[in-house]
Amino acid sequence: MTAGSDRAETAAPSPRDLVTGAEEAAWTDPVAALTLLEEAITPLMRRSEPATAARASYLRARLLSDQGHYDEALGAIRTARRDWLVAGNELEALRTDLGTGTVLIEVGDHQQAIDVSERLLESLDAAPGSDPTLRRTIVAGAHGNIGNAHTLMGNHRLSLQNYDVAANLFAALGRTEMQAQMDANGAIAMIKLGMAHRAVAQLRRAREVLLDLEHNLAAAKTLPDLAEAQLLLGQPFEANRTLVEAEAELEQLHAVPELARLQLVRAQALSEMGLRDDAHRQAHAAADTFRALNMLAEGGEAARLAGLMALELQDRETAASELSTAERLSNAANDKSSLARTWLLQGHLAAVNGRDQEARTLGERALSRFLTTEQGADTAEAHLYLAHHALDPDEAAEHLASASAIIDRLDLPLLGLRRDLVAAHLAAQRGDLTEAARILETAFAHQRSELVSAGGHELYLRASTGLSQIVDQLIHVLVRSGTDADTIRAWQFATRASRSLLTRLGSISAEARATTSAQGPDGPATEVWHKLSDLYDEYAAHESRREVLGGRIRDLQHRTIRHYLLQLQVPPNPDPAVAPVPEYPVLHFHVTGADVIAFVLRDGYADARILTGAAEECRDLVRQWRSECARMAAVTEHRDSPAESADVDALLRAFGEVLLEPLRDLLADLEGEALQVNPHRHLHAVPFEALPFDGATLGDTVALWFSPGRSAHGGDATAPDRRSPRVLAVPDDVAPEIGAEARAIADGAPGAAVHVGEAATADTLLSSDLRGGLLHLACHGEFHDPHPVFSRVRMADRWVTGAEMTGLDLTDSDVILSCCDLGRASDVHTEALGFTWSLFVAGARSVVACNWSVDDGSTALFMKSLHVHLGSGAGLAQAVDLARRDVRRAFPHPYHWAPFRYFCS
């Protein structure tokens with residue numbers, strides 16, 4: 001081989017070769033394609049190759065647009081147009097208007113994109129050039145752009161017509177990849193029109209074609225739309241799996257706009273899963289990203305979803321702000337359908353605030369807009385809204401019938417559930433409670449049948465969505481009927497709702513739970529727990545980075561929940577037989593809308609009262625009580641105060657007047673008895689122990705114990721327990737009394753296994769044989785409101801979450817938590833999700849826990865007193881009551897003595 005030939009083999013590729021290579025790599029590796037183009041463009045500027053330079057600039061514009069760099073993309077398009085004109089190719093110069101239209105759509109100038117595309121079609125007739133294939137390609141691309149713009153403006157019938165034209169032209173040209181993209185875009189319009197089944201099938205076919213052609217970016221773009229269609233079909237878990245796959249592909253391809261769209265669909269999925277706080281955060285973050293990218297239509301949709309979640313979280317002020325933003329962005333983007341959806345939500349907000357006429361007016365405006373744009377699912381939603389708010393029964397019936405026709409034609413299960421709820425509401429409104437109950441029980445049976453066939457993941461996702469909506473309304477209807485049989489059935493539904501998930505997970509063997517929890521989503525579970533613990537510590541230490549760290553924490557928690565519940569094999573029967581009405585006294589609350597249903601069960605009989613407006617009143621009182629506890633926690637001199645202030649007295653009286661006074665006759669003559677209390681949602685935070693009752697407090701009058709949701713079974717709640725405890729205590733500068741607490745327990749129980757400080761590790765806790773034992777944890781605790789099962793205790797080396805504790809075998813064990821906040825439960829879920837709940841999943845018989853953040857000194861006194869009484873032969877329930885009284889004598893303010901709560905399964 002000669003030296004000359006060797007030099008030829010190692011010569012650098014020409015600029016034309018680089019551009020060709022970039023064109024080949026654009027679909028599979030857009031980052032590599034951009035690198036090749038950057039390498040080619042500078043030499044092309046020095047040479048007289050305008051056609052090759054135009055190819056390079058136009059491809060660069062497309063790649064930059066895919067990454068969200070829209071201004072640079074428009075600049076590259078202008079350069080490509082100039083170079084094509086220099087090269088004498090007017091037809092290719094006209095073609096660059098397709099790129100301009102695409103970018104205009106991305107930045108929200110939809111009407112301008114339509115105008116550019118229509119002018120392009122008109123200009124083609126007069127344009128010189130004899131390439132019929134290129135002309136048809138331009139026509140197809142223009143119709144595709146017009147379809148995209150109409151989709152984002154809510155004109156979905158028009159968009160489908162244009163997509164069909166484009167797909168047929170591309171098919172005739174043999175451009176299979178472009179035909180698949182038009183089909184995928186058409187599926188988006190189908191989703192908006194409610195044709196979810198057709199959309200899913202069409203998206204899957206398009207994705208398969210694009211993957212076969214190695215058009216990876218276009219294939220990845222189909223996944224968020226597929227997930228949205230799956231949500232419309234009532235498949236939130238399938239949607240989540242699709243989104244996980246989409247995220248991995250889109251991140252690899254650096255597709256920033258598509259990742260923002262994925263954020264929005266994920267927020268929708270979290271909403272359907274009942275994780276409203278996370279859904280609000282995700283939607284708000286997506287809205288910020290869209291605004292930064294100047295994607296106004298998508299930003300409006302994200303802000304609208306954030307407003308919906310704020311509304312469901314009872315945060316009306318935030319909801320009003322988010323919806324106002326959504327209205328402005330949708331108006332600016334000329335997105336008619338998103339604007340109308342925003343009006344519906346603003347109508348809901350107006351109705352909640354008592355502005356009924358405004359609510360109806362907004363609903364009528366939304367329906368008129370949906371009818372104009374032929375929105376299938378949205379039109380049905382608007383009809384249901386107006387049926388619910390109509391003053392005239394005939395008008396309500398007409399709207400309900402119109403909605404039903406659309407729902408049945410399009411097969412929309414989520415809207416089918418809402419239709420049942422509205423139909424039952426209308427039946428109850430006209431006084432036909434029997435028909436209302438029939439509708440709701442039929443809907444309940446249907447939802448439950450789906451639950452039976454679903455795995456544990458579906459059960460978790462629906463824990464606070466479909467079934468709970470039905471149950472809330474059904475309980476209200478049955479109690480209103482007033483018969484003894486219906487009252488008992490209402491209580492049984494309330495009991496079932498509060499314990500379904502706990503009962504199913506608790507029925508799984510400890511070995512199965514341990515095996516499942518040993519593996520995390522990305523490796524051994526211990527790695528996940530250590531990583532989460534490190535993130536929790538970073539979050540606490542770095543206030544300026546909390547937004548970023550919070551996002552990482554939520555992402556890891558989501559993936560862990562998805563993995564854990566996917567692997568867990570939950571028994572198929574979601575609702576074992578409900579126990580008969582107990583002989584012992586029970587006070588059971590159920591929050592439904594603005595009201596509270598209170599059940600009192602005694603001597604085998606059940607009574608119920610509807611406490612109208614009590615849920616809203618108690619929500620405000622709970623906020624005040626939490627503020628008082630926070631104030632007390634911040635005051636160092638409070639131990640010297642002789643008693644609670646007049647404001648606290650008034651606050652406790654207000655709680656009593658709302659929750660106990662209407663039940664006085666039903667709770668008469670209970671003095672000295674043990675009363676089981678089952679709160680619900682935000683009522684878990686009520687300080688029942690301190691509420692005034694019969695001239696004393698409720699805790700003084702009766703022996704209170706709280707249920708995690710399951711009916712009492714096995715063992716005597718008052719039986720003495722003389723087992724030696726296992727104690728893990730982690731004192732520090734903030735809570736130095738923990739060390740003295742551990743020593744006092746050791747002195748009072750010579751056989752106790754005591755681990756203090758560095759010896760109290762997570763491994764010591766998790767590897768101990770705790771079955772049938774008495775476990776005492778004295779350390780810091782944190783309740784995690786967004787995901788209550790990730791509430792946690794701080795051991796010497798790391799945090800241990802409730803989710804991790806579910807893998808233990810705590811069968812017949814008693815657990816004492818000398819930790820802040822771990823007796824708290826979710827304010828929004830139907831079940832009492834939290835750290836204590838997790839211990840009952842693991843099989844615990846009883847738990848003692850604190851219902852708010854507690855003072856170190858009064859806690860140490862309570863725990864020492866508790867173990868003294870246990871050592872004297874008292875059962876755990878009795879010992880809690882006696883220790884609480886001991887603390888009260890030293891610290892009269894209920895902040896100190898009322899948080900300690902006894903839970904029994």
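Is arginine 419 buried or exposed, and at what relative accessibility? Arginine 419 counts as buried, at 18% relative accessibility; the cut-offs are under 20% relative accessible area for buried, over 50% for exposed and partly exposed in between, using a 1.4 Å probe and protein chains only.

## Ground rules

This is a predicted model, so local features need pLDDT of at least 70 and side-chain atom pairs count only at pLDDT 80 or more, while totals for chains, interfaces and linings use all residues. Residues are numbered from 1 along each chain as its sequence is written, and side-chain values use heavy atoms, with hydrogens and water left out.

Arginine 419 pairs with aspartate 408 in a salt bridge, the closest N and O atoms being 2.9 Å apart. (A salt bridge here is a side-chain nitrogen of Lys or Arg within 4 Å of a carboxyl oxygen of Asp or Glu.) Aspartate 408 sits in helix H21 (residues 393-410) and arginine 419 in helix H22 (residues 413-429), so the pair ties together parts that are eleven residues apart in sequence. Helices are DSSP runs of H or I with at least four residues, numbered from the N terminus.

Glutamate 247 is partly exposed, with a relative accessible area of 22%, and arginine 266 is buried at 7% relative accessibility.

## Neighbours and a network

Arginine 82 and aspartate 83 also meet through their side chains, in a salt bridge of 3.2 Å, N to O. Arginine 82 is partly exposed at 49% relative accessibility, while aspartate 83 is buried with a relative accessible area of 10%.

Elsewhere, Asp700, Asp881, Arg884, Arg885 and Arg888 are linked in a salt-bridge network.

## Helix H37

Helix H37 covers residues 856-871, and its 16 residues should span 22 Å at 1.5 Å a residue; the end C-alpha atoms are 23 Å apart, which agrees. The expected span is 1.5 Å times one less than the number of residues. Twelve of the 16 residues are buried, among them Phe862, Met863, Leu866 and Leu870.

At the start of H37, a side-chain oxygen of aspartate 855 comes to within 3.0 Å of the backbone nitrogen of glycine 857. After the helix comes glycine 873, with a positive phi near 105°.

Definitions and conventions. Helices (H or I, at least four residues) and strands (E, at least two) are DSSP runs, numbered from the N terminus. A polar contact is a pair of N or O atoms within 3.5 Å; within protein, one must be able to donate a hydrogen and the other to accept it, and residues adjacent in sequence count only if both atoms are side-chain atoms.
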